[in-house]
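Me: I'd like to learn how to read a model like this one, feature by feature. Can we take it slowly, starting with how the pieces get their names?

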Amino acid sequence: MNIGLLTGIIAGFATLIFGILVAGGKLLMFWDAPSVIITIGGGWCAMMVSYPFSKLMEIPTFMRIAIFPAKYNPVELIVTLVQFSEKSRREGLLALEDDLDALDDPFLKKGLQLVVDGTDPELVRVILETDIEQMAERHGTNKKVFDDFAGLAPAFGMIGTLMGLIMLLANLSDKSMVGPYLSVALITTLYGAIMAYLVLTPIGTALDLLTGDEIVFKSVAVMGVLSIQAGDNPRILKEKLVAFIPPEMRVDLLEDKGD
């Protein structure tokens with residue numbers, strides 16, 4: 001679970017509520033149904049113009065991925081690749097086929113299967129790198145859904161503000177309506193800003209970081225698979241792969257003298 005994301009959003013709302021209460025306000029002062037309809041409903045309708053409905057229905061799935069992200073451990077992957085490299089040098093590439101079913105990662109399994117099948121190295125590279133590029137493209141589109149919604153929410157908040165001001169100016173003679181119309185004018189902007197900057201933009205950023213982690217993980221796999229196919233020395237292979245990870249993660253790998 002992405003504790004930081006979930007805690008940050010909850011703490012953000014709690015901070016806003018605490019600020020209201022400390023200032024002597026009441027929470028019900030900040031509830032306005034028309035403003036919700038204008039800001040959220042208007043933004044959602046604009047999203048329906050931009051995206052297929054099927055894509056919008058995937059938003060809860062993307063949010064779940066951001067909160068409960070897949071774990072990518074490049075250190076474990078490097079250890080696995082070094083072990084495969086050692087085995088292939090001792091017993092040949094075909095000996096790796098016996099271990100493929102035990103692999104949990106389908107991308108690594110796919111790459112090694114191509115190698116075992118005797119696929120040309122350049123073709124292996126093209127296939128795997130195309131897979132990464134298409135994955136990044138799909139994930140970029142998913143993130144863009146949140147970026148676009150984050151842009152539309154404040155925009156419809158401003159539209160709600162203009163609507164409230166128009167209704168206010170048109171009914172200045174009726175003092176009983178000044179409060180409700182002014183409420184719509186101000187709260188719609190507030191709702192739009194909160195949606196954009198406390199929920200949508202942070203989730204989009206979290207998804208982008210997850211994509212970066214997956215790209216690094218798969219890039220390590222590509223380099224490892226190609227090095228195994230080329231028959232590189234396991235120690236050389238390890239040196240190639242540790243370049244993909246931060247220095248603090250390299251220590252245990254580089255201090256291991258048992259390979």
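Reply: Helices (H or I, at least four residues) and strands (E, at least two) are DSSP runs, numbered from the N terminus. F244, for instance, sits in the loop between α9 (234-242) and α10 (247-255). This is a predicted model, so local features need pLDDT of at least 70 and side-chain atom pairs count only at pLDDT 80 or more, while totals for chains, interfaces and linings use all residues. Residues are numbered from 1 along each chain as its sequence is written, and side-chain values use heavy atoms, with hydrogens and water left out.

Me: Is F244 buried, exposed or partly exposed?

Reply: The cut-offs are these: buried means under 20% relative accessible area, exposed over 50%, and partly exposed is in between (1.4 Å probe, protein chains only). F244 has a relative accessible area of 31%, so it is partly exposed.

Me: Which loop holds G118?

Reply: The loop between α6 (106-116) and α7. G118 is exposed because its relative accessible area is 58%. The C-alpha atoms of G118 and L93 are 8.8 Å apart, and the two residues are 25 apart along the chain.

Me: How do I check a helix's length? What span should α5 have?

Reply: The expected span is 1.5 Å times one less than the number of residues. Helix α5 (residues 74-91) has 18 residues, so it should span 26 Å, and its end C-alpha atoms are 25 Å apart, which agrees. At its start, a side-chain oxygen of N73 comes to within 3.1 Å of the backbone nitrogen of V75. After α5 comes G92, with a positive phi near 100°. The buried residues of α5 include P74, L77, F84 and K87.

Me: What about α8: how many residues does it have?

Reply: Helix α8 (residues 178-230) has 53 residues and reaches 77 Å from first C-alpha to last, close to the 78 Å expected. For bends, take the angle at a residue between axes fitted to the seven residues ending there and the seven starting there. In α8 there is a kink of about 35°, centred on A196. G231 follows α8, and its phi is positive, near 80°.

Me: Where is V184, and how far is it from T130?

Reply: V184 is in helix α8. It counts as buried because its relative accessibility is 7%. V184 and T130 are 54 residues apart in sequence and 50 Å apart in space, C-alpha to C-alpha.

Me: And which side chain does the side chain of T161 make a polar contact with?

Reply: A polar contact is a pair of N or O atoms within 3.5 Å; within protein, one must be able to donate a hydrogen and the other to accept it, and residues adjacent in sequence count only if both atoms are side-chain atoms. T161, in helix α7 (residues 121-170), makes one with the side chain of T189 (2.3 Å). At 11% relative accessibility, T161 counts as buried.

Me: Last one: which residues lie nearest the centre of the largest pocket?

Reply: Rolling a probe the size of a water molecule over the atoms shows where empty space is left. On a 1 Å grid over the protein atoms alone, a 1.4 Å probe is used, and a pocket is an open set of points with protein on both sides within 12 Å along at least five of seven lines; lining residues have an atom within 4 Å of a point. The largest pocket is lined by 14 residues, and F13, F30, L190, Y191 and I194 lie nearest its centre. Helices α1 (3-22), α2 (33-50) and α8 each give two or more residues to that lining.
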